Amino acid sequence: MASSQSQSQSQSQSQSQSQDSQQPSSRLQLYSYWRSSCSFRVRIALNLKGLDYEYKAVNLLKGEQFSAEFSKLNPMSYVPVLVDGDIVVADSFAILLYLEEKYPQHPLLPLDPHKKAINIQVPQLLVTNVGSHGDYLAFNIVLDVSVSALEKLLHRHARKYATGDEVFLADLFLAPQIHASVTRFNLDMILTPYSSFKMLTSNWPEKMYSLAKRALGLQSKFFALQEVPYCMAILLEQDKQFAQFPLLSRLHEAYGLLPAFQAASPERQSDYVKP
Ligand SMILES: N[C@@H](CCC(=O)N[C@@H](CS)C(=O)NCC(=O)O)C(=O)O
């Protein structure tokens, strides 16, 4: 086991070393929204590969994704979209694979077939089982059993990062997802006035109940309005809850130390708006 790990490590190191650094002939453009986790993962890749790009903000709240100008780039009306000269690529996964082929410096996929498979499996798991956007993202990441599955899966492969001591594709998907869970949801909930909170929670008493149960071992079967302050307190305890996923928490900390991840974070984008 140890020898296969060090073999795959040196294999991927020699892969990194053998890749020539490629640069685009004209400046890349990335259509992005600060809060979009799909855009976040592409921003990380561009930074890791040392590719300078022009940040083109698309305000999803104002509906700019539906403008005639943007629809020409992406008729599906979502970010991210990458423009590389005459080439336009939409969808984060497609963009990442395009960047990987065209700009091979800092490979996003390891050579080792097993490690490579895990780096495909993690994005699939996150995109299909946890979802990539919406106000319930953070809620899902805490509740969804797939996160527990992810935690178990990664235990077998993680070292400093998700699949070893180097950053690969799985990390690019994990970092935005965990970041959203730790920051966004807490902020949303803390800033939600009581009346909106009441309306919001009326749709998911069962989820609230299971969250409460998980967090504090509550025995009560039904979520009642009187329990709002209690549940608010639980939400404020989210960091502690996340401790049930020690590996993901540790990875979150490790990503926070990397300049490529820091520069890609929502708070550092020109269109960032304090929630
Ligand atoms: N599969 C696409 C999903 C892209 C996506 O859902 N983008 C969201 C932001 S994360 C978006 O632009 N939504 C448009 C909207 O909310 O109208 C990808 O991975 O890029």
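Trainee: How many helices and strands does the protein have?

Mentor: This is a predicted model, in which local features need pLDDT of at least 70, side-chain atom pairs count only at pLDDT 80 or more, and totals for chains, interfaces and linings use all residues. Residues are numbered from 1 along each chain as its sequence is written. Helices (H or I, at least four residues) and strands (E, at least two) are DSSP runs, numbered from the N terminus. The protein has 14 helices and 4 strands.

Trainee: In what order do the strands form the sheet?

Mentor: Two strands pair if DSSP finds at least two bridges between them. Strand 1 (residues 28–32) is joined to strand 3 (residues 81–84) by 3 bridges, antiparallel, and to strand 2 by 5 bridges in the parallel sense. Strand 3 is also joined to strand 4 (residues 87–90), antiparallel, by 4 bridges. The sheet is open, its pairing is mixed, and the order is 2-1-3-4.

Trainee: At what angle to strand 1 does helix 2 run?

Mentor: Axes are lines fitted to C-alpha atoms, for helices over the stretch in contact (C-beta atoms, placed from the backbone, within 7 Å). Angles run from 0 to 180 degrees between N-to-C directions. Helix 2 (residues 37–48) lies across strand 1, strand 2 and strand 3, and its angle to strand 1 is about 155 degrees.

Methods
Two residues are in contact if their C-beta atoms, placed from the backbone, lie within 7 Å.
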